[in-house]
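Have the sequence open as you go.

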Amino acid sequence: MSGRPPVETTEAADGFEALAHAARERFDLVVTDLDLPVLPGEELIRLLRSRPEQASLAMVAVAGGDPEEAGARLSGSAALATAPFTAETLARALARAGFEP
């Protein structure tokens with residue numbers, strides 16, 4: 001055992017459900033797929049960033065496909081982790097997002 005507290009996660013089926021969770025709960029980190037159904041991940045991030053209480057929240061977007069296209073969709077609003085995902089690529093994205101577990 002590492003002595004770290006357990007990690008609690010909350011899942012959402014789409015971007016609107018994620019927004020509803022964010023309105024009710026406090027999060028230390030948001031990890032979202034750019035290709036969420038109903039409300040895309042980049043729009044979820046934009047809406048969360050518009051809320052003063054969540055403007056500085058650490059956010060990581062994950063995407064498959066072309067990293068340049070995914071990066072352009074984000075416009076620097078969150079760290080990006082592109083497929084293929086490894087523990088190292090996710091750790092680098094978390095660091096870029098300013099998240100320290």
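## Asp14 and its surroundings

The side chain of Asp14 gets to within 2.9 Å of something: which backbone atom does it reach? It is the backbone nitrogen of Glu17. A polar contact here is a pair of N or O atoms within 3.5 Å; within protein, one must be able to donate a hydrogen and the other to accept it, and residues adjacent in sequence count only if both atoms are side-chain atoms.

Keep in mind that this is a predicted model, where local features need pLDDT of at least 70, side-chain atom pairs count only at pLDDT 80 or more, and totals for chains, interfaces and linings use all residues. Residues are numbered from 1 along each chain as its sequence is written, and side-chain values use heavy atoms, with hydrogens and water left out.

Asp14 sits in the segment before helix H1 (15-24). Helices (H or I, at least four residues) and strands (E, at least two) are DSSP runs, numbered from the N terminus. Asp14 is buried but has no salt bridge, and Arg24, the nearest side chain of opposite charge, is 11 Å away. Buried means under 20% relative accessible area, exposed over 50%, and partly exposed in between (1.4 Å probe, protein chains only). A salt bridge needs a side-chain nitrogen of Lys or Arg within 4 Å of a carboxyl oxygen of Asp or Glu; on charge, Lys and Arg count as positive and Asp and Glu as negative, with His and the chain ends not counted.

Another Asp turns up at H3 (residues 67-74): Asp66 caps the N-terminal end of that helix, with a side-chain oxygen 3.1 Å from the backbone nitrogen of Glu68. Just after H3, Ser75 has a positive phi of about 55 degrees.

Met59 is in strand E2 (residues 58-63). Met59 counts as buried because its relative accessibility is 1%.

| Residue | Touches |
|---|---|
| Asp14 | Leu36, Pro37 and Val38 |
| Met59 | Leu29, Val30, Ile45, Leu48, Arg49, Gln54, Ala78, Ala79 and Ala97 |

Now for the whole chain. The protein chain has four helices and three strands, in the order α-β-α-β-α-β-α. Of its 101 residues, 33% count as buried. The C-alpha trace spans about 40 × 30 × 25 Å along its principal axes.

Definitions and conventions. Contact means heavy atoms within 4.5 Å. Lists of a residue's contacts leave out its neighbours within four places in sequence.
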